[in-house]
Amino acid sequence: MKFSTLVLVTFGSNALAFSPRSNDIKATKTQATSVADNEPIRQPIFDPLGLYPTNSHERRFGMISALEQPLEKDETVIDPLSLYKDESQVTRDVEMSPSLPFLKRPEHLDGSLPGDRGFDPFNFASDPSAMAWYRDSEIKHARLAMLAAVGWPLAELAHKSIATRFDLDPVLGIGGRVPTVLNGGLGLTNPLFWVSAISAAAALEFVATKNGDSREPGDFGFDPLSLAGTNGQQSVFVREAEIFNGRLAMLAITGFVAQEFYTNTAVVNQTPIFFKPFSDVVAHFLGAGGGSI
C-alpha cells in the first residue's frame, strides 16, 4: 500500500514537470477569451443566380449581400392630366421636363449640361458618377456621325472617279452603295485604313485616360482654330450646337444605313436634290418624266 502511494506521488510530480506553468495556462485562457470575444471576419456572400434555397442557413440569418444597393423610391406624385380630385395628394412645386412636359424633370439634369432638355426616358442620368461617361460617349459618337454623314455621300459621288484616276479598284458595292456591315464590301477596304483608324482612336483614349476626371467630357485639348469660344456664354453655345448637330447626324447616318439596305440604291441617287447639282436634278426628273409618258 505504501509502495503504490509512493508511485502515484512520484508520477504526479513528474507529470507536473512536463505540464505548462500556471502563468502559461492563464495566458492561454486569456488569448482564448480574447479570440472568442472578437467577431469572426466573414467574407460577403453574393447569390445573383438564386442558388441558395429559402431555408438555407445563409438565407435565414441574412448573410447574403446584394450586388447593388436598392434604388431609392420616388415618392413624388404628379398629375399632368388633372386626374386627382383631391389636389392635396399631388406634390407641389415639381419641375417638369421641358421636352416631356408630362414627366418630372430628372434630378441630375438641371440644365447646366449643354444640350440638356430634361429628356431621359430610360433613366440613364440616375447615376451622377456614370453621367460624365455617358456624355463623353455621346460626344464621341456624335463627332463620328457628323464625319460619316458628310463622308458617306461624298464617297458615293467621287469615289469611282478618284479610284479611276489613281488606277485603283473601286470598293463601292452594287448600285454605288458605301460598304457597310449590311451592304457588304468591308473586306475590300485597305487594311491600312483600319490600322490608322484604330491607332487614332487608341491615341485619343490614351489622352483621355492620362487627363483623368479633370477634363470636360469630349475635351481633348485640341482646338487650333479657337472654335470653343472666348467666354462662358460662347462656349455653352458652341457645345450645344455641337451636340445638337451630332445627335441629328447620328439619326441621319442610321437612316442612310437602313435606306440603302432596304432599297439597294445609293442615297445620292434616291434623293439627288440634296447631293447633286440642280441642273443634273432637273435633267434627271425630265428624263424620268419623258420615259414614263
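The model is predicted. Helix α4 covers residues 128-165, and both D136 and R143 lie in this helix. A search of the whole structure finds seven aromatic pairs.

**Helix α4: length and course**

- The helix has 38 residues, which at 1.5 Å a residue should span 56 Å. Its end C-alpha atoms are 53 Å apart, which agrees with that expectation.
- At A158, α4 bends by about 50°.
- The residue D167 follows α4 and has a positive phi, near 55°.

**Helix α4: buried residues**

- The buried residues of α4 include M131, R135, I139, A142 and A145. A149, P153, E156 and A163 are also among the buried residues of this helix.

- Apart from neighbours within four places in sequence, D136 is in contact with R215, P217 and G218.
- R143 has a relative accessible area of 28% and is therefore partly exposed, since that class lies between 20% and 50%.
- Not counting residues up to four places away in sequence, R143 touches G218, F220 and E242.
- An unreviewed UniProt entry carries the annotation "binding site", which covers R143.

**Aromatic pairs**

- Across the whole structure, seven aromatic pairs are found. One of them joins W152 and F256 in a tilted arrangement, with 5.8 Å from centre to centre and 50° between the planes.
- This pair links distant parts of the chain, as W152 belongs to helix α4 and F256 to helix α6, 104 residues apart.
- W152 counts as buried because its relative accessibility is 8%. F256, at 12% relative accessibility, also counts as buried.
- F193 and W194 form an edge-to-face pair, with 5.2 Å from centre to centre and 70° between the planes.
- F193 counts as partly exposed because its relative accessibility is 48%. W194 is likewise partly exposed, at 38% relative accessibility.
- F122, F124, W133 and Y134 are linked into a cluster by ring pairs.

Notes: Residues are numbered from 1 along each chain as its sequence is written. This is a predicted model: local features need pLDDT of at least 70, side-chain atom pairs count only at pLDDT 80 or more; totals for chains, interfaces and linings use all residues. Side-chain values use heavy atoms; hydrogens and water are left out. Helices (H or I, at least four residues) and strands (E, at least two) are DSSP runs, numbered from the N terminus. Contact means heavy atoms within 4.5 Å. UniProt positions are given in the numbering used here, feature names are shortened, and annotations may be inferred rather than shown by experiment. Buried means under 20% relative accessible area, exposed over 50%, partly exposed in between (1.4 Å probe, protein chains only). The expected span of a helix is 1.5 Å times one less than its number of residues. The bend at a residue is the angle between axes fitted to the seven residues ending there and the seven starting there. Rings of Phe, Tyr and Trp (its six-membered ring) pair if their centres lie within 6.5 Å; planes under 30 degrees apart count as stacked, over 60 as edge-to-face and the rest as tilted.
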